[in-house]
Amino acid sequence: MTSSSPALLELARRYGVAAEFDDWTGCRTAVAASTLVAVLDALGVKAGTERECADALAAHDRRYWQQRLPPIVLGQAGMPSSFWVHVTHGDPVHLALSLEDGTERGDLRQLENNRPPYDLGDRLVGEATFELPADLPLGYHRLRLREGDFHTETPVVISPAAVGLPTRLDRRRAWGLAVQLYSVRSHHSWGTGDLTDLTDLAVWSAAEHGAGFILVNPLHAAAPTAPMEPSPYLPTSRRFGNPLYLRVEAITEFASVRHRGRLRGLRTTVNKRADRRATIDRDAAWQAKRTALEQVYRVERSAGRERAYAAYRSRQGRSLEEFAVWCALAEQYGADWHAWPRALQHPGNPEVAAFAAAHPDAVDFHRWLQWVLDDQLTAAQATAVQAGMTLGIVSDLAVGVDPDGADAWALQDVLALGVTAGAPPDEFNQLGQDWSQPPWRPDRLAEQAYEPFRASVEMALRHAGGVRIDHIIGMFRLWWIPKGAAPTEGTYVRYDHDAMIGIIALEAHRAGALVVGEDLGTVEPWVRDYLRERGLFGTSILWFESDGSGQPLPAERWREYCLSSVTTHDLPPTPGYLAGEHVRLREELGLLTRSADQESAADRAAQAAWLDELRRVGLLGPDPDTDQIVTALYRYLSRTPSKLLALSLADAVGELRTQNQPGTTDEYPNWRIPLAGPDGRRLLLEDVFADPRAAALSEVVAGITGHRDGTGM
């Protein structure tokens with residue numbers, strides 16, 4: 001089809017595929033028929049011809065009426081909610097609700113439903129509507145249906161109407177460091193920053209400067225093979241962590257390793273190599289660390305430690321087993337499961353089980369790595385809170401996973417493998433973005449009651465007082481790009497945001513944690529209102545805060561329930577931004593859609609407007625230097641009502657270089673820039689602790705939040 005027919009448009013509507021959308025300039029844009037056909041195909045729907053569209057519409061109707069219960073029933077605490085039931089027309093409906101604690105409830109009130117029955121060919125199917133009581137407890141329950149001799153059930157999720165503030169945060173503001181952990185190592189880490197370094201940063205910022213949290217990049221797992229993926233936002237798994245962040249010497253069994261001096265010598269060697277390189281070498285760091293970890297793994301564990309390990313394996317269950325098997329397979333066949341022998345390309349195949357049985361030590365090593373990582377994450381959070389942090393670690397949940405990685409292999413039946421997720425063009429990424437990640441299939445997620453999604457959220461909150469969810473707009477709609485197409489040739493696909501946000505809210509409630517949604521980019525206006533109503537924090541980056549006419553948004557109009565900062569990891573640190581590094585770099589890499597002169601002029605005008613705003617409120621004098629501007633920008637945050645403020649560690653030390661340039665992979669050394677000062681000299685963690693600039697800017701932000709009386713106000 002060369003144009004979108006009514007049947008194709010109706011099919012797209014039913015599957016939540018946008019046939020048109022408003023771009024970042026506000027212009028209504030029609031989606032090409034070829035894009036609709038390709039995206040529907042990724043959803044398992046053939047729509048290339050009028051006949052295929054008609055057949056797909058009929059099949060959609062039949063599937064709906066064949067379902068006796070919805071794949072999941074959603075409710076909010078304190079509010080009644082309804083759901084449908086399909087039974088043979090005229091038959092009685094017998095329903096029971098089994099609560100998570102084992103209690104049975106039968107008080108489900110039937111509501112009026114006058115929808116006519118549907119003819120399935122062998123029987124007429126009627127639809128009834130029932131109401132869940134408003135007093136159901138929070139949790140994951142089961143709804144059971146009996147129709148004659150037939151029994152079926154479906155999950156019921158009752159989530160909080162809103163995520164409350166953690167009680168320890170109370171009504172105070174809190175500030176925290178935003179850290180790219182791999183970039184800041186100490187004398188005792190192995191070539192990259194690790195969890196002991198994270199703990200020490202938390203203690204320093206809390207005990208000396210009153211920080212309430214430390215926001216860290218995603219610590220998700222990467223493939224255990226070279227070359228290791230540098231992007232923390234393109235993990236092999238979001239359900240498990242990256243052992244690269246382990247501190248070998250902090251593992252209990254390290255004390256019993258023979259010839260420990262040799263391992264420390266290995267650490268010295270990898271650190272000297274890191275000192276000589278301009279960028280971070282994860283492969284060298286992991287090779288050395290893995291050698292040491294294998295020796296620690298072989299140490300006999302105490303009876304108590306062995307039981308703790310067994311309990312961890314039992315708690316993680318099948319997902320841990322699948323991840324460990326994938327890691328062992330990747331070490332033998334490579335990290336792209338699509339290139340493995342066909343029999344090994346699905347976790348359910350018997351050949352995969354045979355491989356695991358034939359390689360028990362290799363599989364168990366990767367299980368063990370996750371256990372000791374779990375231990376060190378637990379200790380990091382406990383120490384951060386003990387040092388005085390109100391929240392402790394705020395983890396980061398990436399939007400997706402590597403299409404060739406462990407989660408894509410284990411969860412391939414829930415992912416759309418014929419498309420990639422990304423973002424349409426916007427002001428700062430005018431060619432759009434292709435993140436090369438397979439998105440969730442909304443239909444398959446619902447069929448699995450959102451269990452894979454719940455697992456990733458649960459993992460992100462397991463050792464944290466809060467979570468930042470990258471591109472939380474993806475819980476509402478996500479930009480799908482057909483494989484081989486440009487990012488500009490994609491379209492939006494809608495998700496059941498009530499289900500996904502409800503699960504986030506429930507998991508956060510159980511963890512006593514706070515949720516921050518990264519809601520930047522092109523956002524439908526109602527979405528931010530919805531997130532606020534559900535108790536989720538938003539994200540404000542100073543450079544993006546505009547009043548709609550291109551002028552800075554006055555501080556008093558910023559959001560209260562928000563994590564606010566001057567910059568983000570997708571921009572240069574503030575000193576680099578003030579120097580126009582973001583324009584220079586994009587021009588050098590060919591990422592601009594208008595001339596560099598036009599872009600530079602627009603940037604200078606935007607920066608001048610912000611400097612004028614700083615002068616208007618009395619925070620900046622004439623002819624300021626860069627440090628004075630950076631300080632004034634952070635002081636400006638004190639004028640906002642935002643409850644959470646983040647100080648970039650890169651800003652604190654005066655770093656100029658950006659960590660990540662969106663729209664690039666190897667064209668720029670994304671996620672491989674070691675922390676440095678304004679002179680380009682590499683800084684270790686010990687240097688940060690002694691850096692007067694870092695201490696001074698931390699004190700400014702501490703004063704903003706009231707943790708230093710009179711400072712910065």
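Predicted model: local features only at pLDDT ≥ 70, side-chain atom pairs only at ≥ 80, totals over all residues.
Student: In what order do the strands of the 8-strand open sheet run?
Tutor: Start at the edges: β22 (514-517) and β23 (538-541) each have a single partner strand, so one side of each is left without a neighbour in the sheet. The pairing in this sheet is parallel, and the twist averages 25° from one strand to the next. Going across, you get β22-β19-β16-β13-β12-β25-β24-β23.

Student: Zooming in on that sheet, which residue of β19 stands opposite V394?
Tutor: β16 (residues 392-397) pairs with β19 (residues 466-469) in the parallel sense, over 4 bridges. The residue of β19 opposite V394 is G466.

Student: What angle does α21 make with β25?
Tutor: Helix α21 packs on the sheet, where it touches β12 (174-179) and β25. Comparing its direction with that of β25 gives about 175°.

Student: α21 also turns up around α18, so which residues of α18 are buried?
Tutor: The cover over the buried residues of α18 includes α21 (692-704), along with β24 (562-565), α17 (596-616) and others. At the N-terminal end, D625 caps the helix, with a side-chain oxygen 3.3 Å from the backbone nitrogen of D627. Within α18 (residues 626-636), the buried ones are I629, V630, A632, L633, Y634 and Y636.

Student: Over in the 5-strand open sheet, which strands stand at the edges?
Tutor: The order is β3-β11-β10-β5-β6, with mixed pairing. Inside it, β5 (residues 94-98) and β10 (residues 139-147) run antiparallel, joined by 5 bridges, and H94 stands opposite R146.

Student: Is E507 buried or exposed?
Tutor: E507 is in helix α13 (residues 497-511), a helix that lies across β3, β10 and β11. Its contacts beyond four places in sequence are Y140, R454, V457, E458 and L461. The relative accessibility of E507 is 6%, under the 20% cut-off, so E507 counts as buried.

Student: With which side chain does the side chain of E507 make a polar contact?
Tutor: The contact list of E507 already includes the partner. The polar contact is side chain to side chain, at 2.6 Å, and the partner is Y140.

Student: How far apart in space are A284 and M228?
Tutor: A284 is in helix α6 (residues 282-297), and it touches V270 and R273. Along the sequence, A284 and M228 are 56 residues apart. C-alpha to C-alpha, the distance is 9.8 Å.

Student: Last one: how many disulfides does a search of the whole structure find?
Tutor: Two cysteines to look at are C53, buried at 0% relative accessibility, and C327, buried with a relative accessible area of 2%. For the whole structure, the number of disulfides found is 0.

Conventions. Residues numbered from 1 in each chain as written. Heavy atoms only, no water. Helix = DSSP H or I, 4+ residues; strand = E, 2+ residues; numbered from the N terminus. Buried < 20%, exposed > 50% of the residue type's maximum accessible area, 1.4 Å probe, protein only. Polar contact = N/O pair within 3.5 Å; in protein donor to acceptor, adjacent residues only side chain to side chain. Contact = heavy atoms within 4.5 Å. Disulfide = S-S within 2.5 Å. Pairing = 2+ DSSP bridges. Axes fitted to C-alpha atoms, helices over the stretch in contact; angles between N-to-C directions.
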